[in-house]
Protein chains: 2
Amino acid sequence: MTERKRVTILDVSRATGLALSTVSNALAGKNHVSEETRATVLEAATRLGYRASTVARALRMQRSFTIGVLVADVANPSSPDFVRGVEDVAIREKCTLLLSNTDGDEERQLLHMRTLLDRQVDGMVLISQHVSSPAVRALLDASTPFVLIQRRNPLFPDDYVGSDNVIGVSEAINHLHALKHRRIGFVRGPSDSSTAGERLETFLAEAKRLRLKVDDELVFKGDYGFETGVAAGRHFLRLRRPPTAIMGSSDINALGVMEAALESGLSIPGQLSVVGLDDIALASFRAINLTTIHLQKRAMGAAAADLLIERIRQPDRTPQELIFPTRLVVRGSTAAPALPEAPRLRA
Amino acid sequence: MTERKRVTILDVSRATGLALSTVSNALAGKNHVSEETRATVLEAATRLGYRASTVARALRMQRSFTIGVLVADVANPSSPDFVRGVEDVAIREKCTLLLSNTDGDEERQLLHMRTLLDRQVDGMVLISQHVSSPAVRALLDASTPFVLIQRRNPLFPDDYVGSDNVIGVSEAINHLHALKHRRIGFVRGPSDSSTAGERLETFLAEAKRLRLKVDDELVFKGDYGFETGVAAGRHFLRLRRPPTAIMGSSDINALGVMEAALESGLSIPGQLSVVGLDDIALASFRAINLTTIHLQKRAMGAAAADLLIERIRQPDRTPQELIFPTRLVVRGSTAAPALPEAPRLRA
DNA sequence: TTGTACGCGTTATCAG
DNA sequence: CTGATAACGCGTACAA
């Protein structure tokens, strides 16, 4: 653990006998430098182990080569794929990721946003974060470029990457309908999530088209978490006329529903069909085998980062929104209901 | 998107008519400042919306208030909990996390380590990373403080946080033995992982003590991934005398084994018992219900960060190692074997 | 092609 | 208690 002093550009300058700026130019790949000098500089630089200080560069250039990412919770399997996507282009752009968990809490989000701004991040990616409150808007509007993923407020013309909630959800409900399900429960995601809202609307519209009756008791309001899924499952299964199928607001959600079903001794899909939304890696494992709506998260993360890079380069560009298609992946958690609705009514 | 210029300490200085250094002192909470001036400064600072530039501070103080974290893959449910733990203390210490995925690839790891060093991170936490190769050691030894999690090389006296592999693994094998399992397959983690090595040794030692024969074909070498689990499962189930229980090197691993078992039409735990290692959230869901060895990952992450903070403050402290206990959590993926070993031998 | 001088926003040092 | 000045390491306009 030698107490080493940092090798600066000045050391390289001294070692080569060349001027500071010459070294800088040579290193930066400017063309005003003779090949010979450049070689000398490069040799000395590697020999001394010189590495440019990103900090000094950031101060000078007013650009930190850093992208801030706000996520609800890295430990939740839903989010990391987005992050990987962002990272993919960050690496390409020679940027580093500053990652913070907000746990869906607005105070924490504000705190982290301020921290990111203090660090002069070149831009921020907000994944399913709060986007409407005055405090958040104030920070957002008068600062760094940013891109939203999966949650926005249509009132604000922000750069946005989301998923097409119509295709996936309507595919799912039609799939269930084709299997003869006539009572379908729906778990709604966070109340302030635009995405969650769109999904519910699609569900209701499509249900109407299919002439399915959706009473209030068939819509459960919660968030994307496991506990919400469990609570929803318990709620639905306690109804006088329980649904024969339940659509979760996320895969984790759907797992919660499965949990509740299994704790009641119901078999899946024999006595209850369950549909998720996300298609996390685990959904495809046979032990789970969840029918779900697939989201292209890594691609969405990358697209968001690309949008961000564009906006950094061109701050006055008109805001763009990118909507990724979703599709239903049918696996083993859905099947025809054990008792069709009709006979049951006659009983 | 107003093209706002950053409010600097100079602006505050001008607004108050006080000297630059006085403002700085007041803001920094130094005690050489009269209450009155401090109030003036604070008022002006908040009024103007002044926020100190972390970048400038980093350059001046040679301390970036940043902790670098290297992780194999955030998208893998095994790692994020460690990260959360590190983050817990980072927030307490007013530090930010610079997170990078290495995918277990040494080149990527080296790349990211250099990036972190260029950014003058105050320290690094390496979670299950390469720690022995000359290239890695060179970077490690002559630079920033660092702490290792879950993988180290005993030859180097590094700060280290790991788990007690003896307790958990021996509990697991004894549990299986008590259930009358006599042939147990073992999936070994990455060959260069100290932790994976210790676990195998414990397994073999305990097997010997219990007079279980462990032929070579009962040890499968791979990594912590799902695919390794699948491959291991297939390998074991194809043996002339397949094991009646299999211990994975991680939960994801164990899920892979379950996958292979289910694809062969074997029921769990009826015809095959499976044990994982990690206790990820999903392991406790009824749909999975995995018997596994619990690791206190968030606590370990926090402990590592604490160690790091200590080392930053006191670079010449003698290296410490912290070993966290592990314990077996018995769930539904283990049971007595369908056909005891003895009758089978008679057949 | 090369060298000089200055600015980026802070904090540390030392003088008043 | 307050204020002037010098770093921190790099990029860049401008002069040579």
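**Contacts with the DNA**

Mentor: Let us begin with A:Ser53, where a polar backbone atom lies 3.2 Å from a phosphate oxygen of DNA strand D. Please note that this is a predicted model, in which local features need pLDDT of at least 70, side-chain atom pairs count only at pLDDT 80 or more, and totals for chains, interfaces and linings use all residues. Residues are numbered from 1 along each chain as its sequence is written, chains are lettered from A and ligands numbered from 1 in the order in which they are written, and side-chain values use heavy atoms, with hydrogens and water left out.

Trainee: What makes the approach of A:Ser53 to a phosphate oxygen of DNA strand D a polar contact?

Mentor: A polar contact is a pair of N or O atoms within 3.5 Å; within protein, one must be able to donate a hydrogen and the other to accept it, and residues adjacent in sequence count only if both atoms are side-chain atoms. The pair at A:Ser53 is 3.2 Å apart, and therefore it falls within the limit of 3.5 Å. Phosphate oxygens of DNA strand D are also approached by side-chain polar atoms of A:Tyr50, at 2.9 Å, and of A:Arg57, at 2.7 Å.

Trainee: Which elements give two or more residues to the surface near DNA strand D?

Mentor: They are H2 and H4 of chain A and H2 and H4 of chain B. H4(A) provides the largest share, four residues. Helices (H or I, at least four residues) and strands (E, at least two) are DSSP runs, numbered from the N terminus.

Trainee: Where does DNA strand C have a base nitrogen close to a polar side-chain atom of chain A?

Mentor: One such place is A:Ser21, at 2.7 Å; another is A:Arg60, where an N or O atom of the side chain is 3.3 Å from a base nitrogen. The side chain of A:Thr37 has an N or O atom 3.3 Å from a phosphate oxygen of DNA strand C.

**The two copies**

Trainee: Why are chains A and B said to be related as by a two-fold axis?

Mentor: A rotation of 180 degrees with 0.2 Å of shift along its axis superposes chain B on chain A, with an RMSD of 0.2 Å. The two copies are thus related as by a two-fold rotation axis. In chain B, the C-alpha nearest the axis belongs to B:Leu98, 2.4 Å away. The superposition is by least squares on the C-alpha atoms of residues with pLDDT of at least 70 in both copies.

Trainee: How do you know that the copies meet through the same surface?

Mentor: Of the interface residues of chain B, 98% are also interface residues in chain A, so the surface is the same.

**A sheet in chain A**

Trainee: What makes S7 and S12 of chain A edge strands?

Mentor: The open sheet has six strands in the order S7-S6-S8-S9-S10-S12, with mixed pairing. S7 (219-221) and S12 (327-329) of chain A each have a single partner strand, so one side of each lacks a neighbour in the sheet. Two strands pair if DSSP finds at least two bridges between them.

Note on methods
Contact means heavy atoms within 4.5 Å.
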